[in-house]
Amino acid sequence: MGRAPPEFPCLTDMDPDRISYLPGHVIDQILSHLSIKEAVKTSVLSSKWRYKWATLPNLVFDNQFVSAAVQDHMIVKNKLLRTVDHVLLLHSGSINKFKLSHRDLLGVTDIDRWTLHVSRKAVKEFVLEIWKGQRYKIHSCLYCCQSLTHLELFNCWLKPPSTFKGFKNLKSLDLQHVTLAQDAFENLISNCPVLERLTLMNFDGFTHLNIDTPNLLFFDIGGKFEDISFENTFQLAVVSIGLYVNFETNQSRLRGGYSNLLKFFVNLPHLQRLEIQSYFLKYLAAGIVPINLPRPCIDLSYLSIRINLNDLKEISAALCLLRSSPNLQELEILARQEEKTLMITHNYCWEDVFFSCPEMHMRNVKIDGISGIKPELDFISFLLLHCPVLERMTVIPVSNMETELMKQLLRCRRASRQAEIIYLDP
């Protein structure tokens, strides 16, 4: 009697394919880690996966989303437009984040339609970056989107309607390369009551910055402006400010007793981190520079200053900040070279500065961009003499001058026995 052939289970007896029977929350978790482009491709896995991508809450259309083998930018742009239209047409869930940022994207009218679509779905995060062409005028429907918690715009023109009352839920605002009228800027900033993070870079249309936001924690600005002041900003902890134009050419009509330094700090009692970039120290040094601030910056632990160490006013402003920051732990000095500056002579009495300055508690100091001139070395000597707990000073010159500069640095007396001087090549 012959051997019976082996029995193979029929298809209906086999275990169902596992990927089709994954729990819904597991599928959602998997899709959340994929880009839209990758998520759409999962449609071919099974019928259960076919339209799962259409409920993704975060829609990001960037350079990775649409690519073309050819270098024809028009083909890439048209493909991007068709793809965004297709995704938004089939999308059936809520939209938490909408980001549109592609190197070939111009300010086309299609963006108006997409903005209207996502605003009707109560989008929370809206990011629009126009990398080419003229500044794109934001559609009026966006100003009615009270669900927004994060707004980020690049190369855009903002012209809010007269009925605009601000964004009541906005916590983060990032505006770069934008045009905005002075009154519109003030109305926008003052009518975001829960705003915590504000970034302004390379703007035009407004030159006077009055920051009135009671919940602001983080403020980063870089651009050309004439004046800046703070009101109701008692929680502000991190500030980075760069003035991109030499303030000396713009200052006028400074009243007697006027002090930019005093005005700047009066409503910033809890600063923890401060970065003074480009020419902003020159702005702070305008008017009378006090020996100390009336109220010390007791929470300030990090300070970065770009300074012209040939400018007595800037040095005085920097010393005022150092005297007024008793708990400063880390200091960064970025030397700024200027051709038209009155050189400090030997008549400047650093002994008086040493005598009037208390001990400082910095542990780390970084000095970048020095050229080895006497005022720079005097400033380094001042720091070494008044930092008894200093652990490390890092020096980076503008050019290779290792032998002579190191000799002079090593001759400086130090208040801290454990302080080491580290010289890095430029």
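Helices (H or I, at least four residues) and strands (E, at least two) are DSSP runs, numbered from the N terminus. The model is predicted: local features need pLDDT of at least 70, side-chain atom pairs count only at pLDDT 80 or more, and totals for chains, interfaces and linings use all residues. Residues are numbered from 1 along each chain as its sequence is written, and side-chain values use heavy atoms, with hydrogens and water left out.

**Exercise 1.** Locate Ile373 and state whether Ile373 is buried, partly exposed or exposed.

Step 1. The loop between strand S15 (364–370) and helix H10 (374–385) holds Ile373.
Step 2. Buried means under 20% relative accessible area, exposed over 50%, and partly exposed in between (1.4 Å probe, protein chains only).
Step 3. The relative accessibility of Ile373 is 23%, so Ile373 is partly exposed.
Step 4. From Ile373 to Leu309 the C-alpha distance is 9.1 Å, at a sequence separation of 64 residues.

**Exercise 2.** Classify the packing of helices H3 and H4.

Step 1. H3 (residues 73–90) and H4 (residues 110–120) pack at about 20°, their axes 11 Å apart. Axes are lines fitted to C-alpha atoms, for helices over the stretch in contact, and angles run from 0 to 180 degrees between N-to-C directions.
Step 2. Angles under 35 degrees count as roughly parallel, over 145 as roughly antiparallel, 65 to 115 as roughly perpendicular and the rest as oblique. H3 and H4 are therefore roughly parallel.
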